[in-house]
Amino acid sequence: MAVPRNYHVVTFGCQMNKADSERMAGVLDNMGMTSVDDPNQADLVLYNTCTIRDNAEQKVYSYLGRQAKRKQHKPDLTLVIAGCVAQQEGEKLLRRVPELDLVMGPQHANRLGDLLEQVFDGNQVVATEPVHIMEDITKPRRDSKVTAWVNVIYGCNEKCSYCVVPSVRGLEQSRYPADIRREMEELGRQGYKEITLLGQNIDAYGRDLPEVAFKNDDVNGGDKKYDFTDLLNYVHDVEGVERIRFATSHPRYFTERLIKTCAELPKVCKHFHVPFQSGDNELLKDMRRGYTREQYFHIIDTIRRYMPDAAISADAIVGFPGETEEQFLQTMDVTERVGFDMLNTAAYSPRPGTPAAVWENQLDEETKGDRLQRLNHLVSQCAAERSQRYAGRIESVLVEDQNPKDPNQVMGRTDGNRLTFFEGDINELKGKIVPVEITEIRPFSLTGKALAAVTV
Ligand code: SAH
Ligand code: SF4
Ligand code: F3S
């Protein structure tokens, strides 16, 4: 089979998947293919999939169905399913969609080239066995020219009773600090201004590293252990990179030492994404989260003690099995007390192979929907309140793009991650950090006026 000429990648799910997609697109570029916007013009279609909730999984099947049909008229179409649904379903997918050429789990993203060679040799390939993730040798095809993701730890060693991630992403694998720094230096040289370091539980970074991985890095003072705080200190001075963000933080590993370091390092943005999932201690225990609401409040207080203005966001689940109205109100209470800048909310969805999915105390969809709506309402109220503090302030905005709805405006983010629009020419301002006086406030975004562009 000939190598396809062009390809189309569709990404579902979290930032981890988006980062994987960029790396896989890099591999396809390297093989001489070109990216096209219209999937129906592509010779190779790759779905990078998510299975965190049932609706995410179902979406994949409907997309896939359309391309499988197209393949009946275009037999040389190469169909690839990657990511978390691929890992979860494995070979079963070939029975469900026989038109598929390649099923590959997230740990195999960097091996896309090899796997495709096998496909072009005429094989139908399934790659879902656990592997040691190879260091990346191809260049990712990054969607943005200003901001970039850099993986620091893959996988998850937690056992939250509702979650598929550990079974689809495998055990934690921390990348070596020197490899992370090298990738960041390269990005700095290419003109990227902001880097988001990625991991399911990024603050668990380093636990699995052998000593040889950090023996040349003296920031941790010859300690026998290496953690995310050490990594931040080690990469902080990378030239050209003006801002560093990271996600996601697990409350169990979010230490005061890390918080203090974030406060001290000027390039680290003062925005923290620390999911709490539920405000009720009994439910937190059933969820197997390993902390209490009091411990969670303590983390938030510590963040605010060091950085009073820090933006804080989180994830929460409503309608977990057995959740009573009172317990749900505890989640509302945490939401209100913390006053999140942003909260990702979701109704609990039973996932295959997870303990909570087979518990008998499942709630009905109506109760879940009702709670979700009430929580979302509170979230926008809190966000609107939090936004108010920006009124009249001067915020540093890193310009990423044109406002798609108004070509006279550009858009970017404040240090605290609020999306901000202001009048300006994208050709002149892209990648610049601009002081912007905030004139209009909305719950999740702001509008302002540029004072003067600062070249960085
Ligand atoms: N590692 C991160 C989150 C990864 S998954 C953490 O532990 O916080 C992203 C979010 O999806 C979770 O924070 C949770 O809020 C949500 N989620 C995970 N499993 C879910 C399920 N079965 N039903 C509904 N939401 C779920
Ligand atoms: Fe899922 Fe829990 Fe791991 Fe987060 S920490 S990815 S919620 S198992
Ligand atoms: Fe979805 Fe996999 Fe991320 S299940 S949320 S794409 S880790």
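In the predicted model, 12 residues of domain 3 are in contact (heavy atoms within 4.5 Å) with nine residues of domain 4. Of the area that domain 3 buries against domain 4, 48% is supplied by S387, Q388 and R389, more than by any other three residues. Between them the two domains bury about 810 Å², with 50% of it on carbon and sulfur atoms; buried area is the accessible area (1.4 Å probe) lost by two parts on being put together, summed over both. Their C-alpha centres lie 30 Å apart. The bounds, from an automatic or database domain assignment, are 280-389 for domain 3 and 391-450 for domain 4. Two salt bridges (side-chain nitrogen of Lys or Arg within 4 Å of a carboxyl oxygen of Asp or Glu) are counted between domain 3 and domain 4. A salt bridge also joins the side chains of R418 and D341, at 3.9 Å from N to O.

Ligand 2 is surrounded by residues with a heavy atom within 4 Å of it, namely C156, E158, C160, Y162, C163, V165, P166, Q200, N201, H250 and R289. This shell comprises six nonpolar (Ala, Val, Leu, Ile, Met, Phe, Trp, Tyr, Cys, Pro), two charged (Asp, Glu, Lys, Arg) and three polar residues (the others, Gly among them).

E183 belongs to helix α7, residues 177-189, helices being DSSP runs of H or I with at least four residues, numbered from the N terminus. E183 counts as buried because its relative accessibility is 18%, the limit being under 20% (1.4 Å probe, protein chains only). Apart from neighbours within four places in sequence, the contacts of E183 are R142, W149, V150 and R175.

Residues are numbered from 1 along each chain as its sequence is written, with chains lettered from A and ligands numbered from 1 in the order in which they are written. Local features need pLDDT of at least 70 and side-chain atom pairs pLDDT 80 or more, whereas totals for chains, interfaces and linings use all residues; side-chain values use heavy atoms, with hydrogens and water left out.

Note on methods: Helix = DSSP H or I, 4+ residues; strand = E, 2+ residues; numbered from the N terminus. Buried < 20%, exposed > 50% of the residue type's maximum accessible area, 1.4 Å probe, protein only.
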